[in-house]
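Biologist: I would like to learn how to read a structure like this one, feature by feature. Please give me the general idea each time, and then the case at hand.

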Amino acid sequence: MLKIMGFPGEYIQGQHALLHLGEVSQKYRFKHICIIYDPITEGKILTKVTDALDQSKIQYITFKFSGECTYETIEYLSQNMLEHHVDALIALGGGKAMDTTKGISKQLNLPIIICPTVASSDAPTSRLIIIYDKNHKVQAVEKTQRNPDIVIVDLDTIVHAPARFFAAGIGDAISKMFEVNQCKNANGLNSFGTPPLEMTLLLANHTYMNLITWGKAAYEDVKQKKITPAVEQVVESTVLLSGLSFESGGLSLAHALIRGLTSIPELSTKLHGELVAYGTIVQAILEKREQCFLLELILFLRSIGLPTTLDDLGFKDVLSHGQLDTIVSNTLDNSYSKNFIPVITADALKKAILYTHHLKYEN
């Protein structure tokens, strides 16, 4: 039986790592690059990138990202890339800018450099592309032919982003120990369509321990815009280790629950990692984790401002039977929910969600 694991071609992390973009582009013999950037990067961040390319005499063009990753945007920008004879792409910004650039890379088979400006998820290392429609609803999930050629994580940029994004990255990553182990135990498949290799379990388990050990200190350091060993450890865990874990290990309930939660308008505005953090609590309850373990996890998440109850997510009203049924049905309709032992029933999931609704722990 085949087992497949994917990796980015090169992962670069460090203070002012973006200043090395010119050297990296020269090494790969890129001649004419297109930078697709989020508007929020205009100014210091974008200038850092263009200055690095200028110093290495790399030609480039720039496109300001429109804000939504749609098939129409990908097609429009792909045609522009052809007209300008671009030979490589840089994605500078958040998840949707990255996904749009991945979509162009897939269509034109161009090398891609991913430069995340926040550490809010593990998307930078993966092949996955989330496509939306004009109404901002998920339309499709696609995959590039390969993982990104290069990922450059500039720690100075990361620590100057709002700390809420940093915490969300921890929320997204901390679920992987639970999800990858469940996927393996349930004979689930990873995003390559194969069972996970043992290495993914090692990475997922190590990710959890890194976050529990360093997460709170790193969060406090980021609030002060400081790069410390704790920040370096956590960024490596949330961007690289977690990314390798989920793509090559598989996902389970914590991510399936996002489909259920976002079906309720009051719960649909939170960051991805905030929803996953809550989903991790639900999964830990369904796994019947010991109370001391659950308490440690809850107190850790609360210490960095992540939600562990529906109240924390902003749902202050009593959850109606209809709303609960909507969450449960949409969750169980998601294929990730099948990667769980024992099989999750609607009744068991309802009880776990209601249990979290009444959890009250003091820090």
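Modeller: Gladly! Let us begin with N187, which counts as exposed at 68% relative accessibility. In these terms, exposed means over 50% relative accessible area, buried means under 20%, and partly exposed is anything in between, with a 1.4 Å probe and protein chains only. This is a predicted model, in which local features need pLDDT of at least 70 and side-chain atom pairs count only at pLDDT 80 or more, while totals for chains, interfaces and linings use all residues. Residues are numbered from 1 along each chain as its sequence is written, and side-chain values use heavy atoms, with hydrogens and water left out.

Biologist: What is the value of phi at N187, and where does the residue sit?

Modeller: Phi is near 60° there, a positive value in a residue other than glycine. N187 is placed in the loop between α7 and α8. For such labels, helices are DSSP runs of H or I with at least four residues, strands are runs of E with at least two, and the numbering goes from the N terminus. H85 also has a positive phi without being glycine, near 55°. Its loop runs between α3 (71–84) and β4 (88–93), and H85 is exposed, with a relative accessible area of 65%.

Biologist: Which peptide bond is cis?

Modeller: Look at omega: the bond from I341 to P342 is cis, with omega near 0°. P342 belongs to the loop between α13 and α14.

Biologist: Now P196: is it buried or exposed?

Modeller: P196 is buried, with a relative accessible area of 3%, although its place is in the loop between α7 and α8 (198–223). To see what surrounds a residue, list its contacts, meaning heavy atoms within 4.5 Å. Not counting residues up to four places away in sequence, P196 touches K3, K184, G188, N190, S248 and G249. K3 is 193 residues away along the chain, yet the two C-alpha atoms are separated by 6.1 Å.

Biologist: How many residues form the largest nonpolar core?

Modeller: A nonpolar core is a set of buried Ala, Val, Leu, Ile, Met, Phe, Trp, Tyr and Cys residues joined through side-chain atoms within 4.5 Å. The largest one here has 66 residues, and F166, L261, V282, L310, L349 and I353 touch the most other members. Helix α11 (residues 272–286) gives the most to this core, with nine residues. Apart from it lies another core, of 20 residues, among them A52, L53, C115 and I150.

Biologist: Then a strand, please: what surrounds F63?

Modeller: F63 lies in strand β3 (residues 59–64) and is buried, at 17% relative accessible area. Beyond its neighbours within four places in sequence, F63 is in contact with C34, I35, I36, Y37, L77, N80 and M81. From F63 to L77 the C-alpha distance is 8.4 Å, across 14 residues in sequence.

Biologist: How compact is the whole chain?

Modeller: The chain has 14 helices and eight strands. Its radius of gyration, taken over C-alpha atoms, is 20 Å, close to the 21 Å that the globule rule (2.2 Å times the number of residues to the power 0.38) gives for 363 residues, so the chain is as compact as a globular protein of that length. Of the 363 residues, 59% count as buried. Among contacts between residues at least 6 apart in sequence, 79% join residues at least 24 apart. The C-alpha atoms fill a box of roughly 60 × 45 × 40 Å, taken along the principal axes.
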